[in-house]
Amino acid sequence: SCPLTWNSTAALLVYGGRGDLAASHENNFWVFHNNIWDSVPNPHGPNRSGHALLCQGDSIYVIAGMSPTGLTTSFWAYNTQTSMWVQRQLFSKNKQNKPVTGPSPREGGRASIVNNSILLFGGWSDTASGAMNDLWSTSLP
């Protein structure tokens, strides 16, 4: 979940998660504002669970997580003014500030926006190493 302004009022957003079946990854979109939960029509959002969710200005970002096809590093942006989803490419730098293609697939990573950059830390991979202890950054689109 993340806080945001929705229709000019303070709100809390909840996106995606696991469905009734263990292998089901949802794209449900809910906004809590004025003490009411509203479902937001969301025909094209990514199905995700275990993802990172960020809000800034008119944009909502869904990063990494578990998709119906497995772990992913995909990055999606939703514009609250146009109600449109756009998949973006992550161009990242590692902690040595060297360009790389981006983080490996993960779920449960934590993200934050700092100084107009998105930071993604850790999570779980589906490899034998399990827990991840890496930090990635990318400029806001």
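Modeller: A nonpolar core is a set of buried Ala, Val, Leu, Ile, Met, Phe, Trp, Tyr and Cys residues joined through side-chain atoms within 4.5 Å. Buried means under 20% relative accessible area, exposed over 50%, and partly exposed in between (1.4 Å probe, protein chains only). This is a predicted model, in which local features need pLDDT of at least 70, side-chain atom pairs count only at pLDDT 80 or more, and totals for chains, interfaces and linings use all residues. Residues are numbered from 1 along each chain as its sequence is written, and side-chain values use heavy atoms, with hydrogens and water left out.

Colleague: Which residues have the most contacts inside the largest nonpolar core?

Modeller: In soluble globular proteins, nonpolar side chains tend to be buried together. Here the largest such core has 13 residues, and Leu 13, Phe 29, Ile 60 and Trp 85 have the most contacts inside it. Strand S2 (9-18) gives the most, three residues. Strands are DSSP runs of E, at least two residues long, numbered from the N terminus.

Colleague: Which residues is Phe 29 in contact with, leaving aside its neighbours within four places in sequence?

Modeller: Contact means heavy atoms within 4.5 Å. The partners of Phe 29 include Leu 13, Ile 60, Tyr 78 and Trp 85.

Colleague: What is the order of the strands in the open sheet?

Modeller: Two strands pair if DSSP finds at least two bridges between them. The four strands run S5-S6-S7-S8, with antiparallel pairing. Strands S5 (52-56) and S8 (84-88) are the edges, each pairing on one side only. Between S6 (residues 59-67) and S7 (residues 70-79) there are eight bridges; Ile 60 has Tyr 78 in S7 as its bridge partner.
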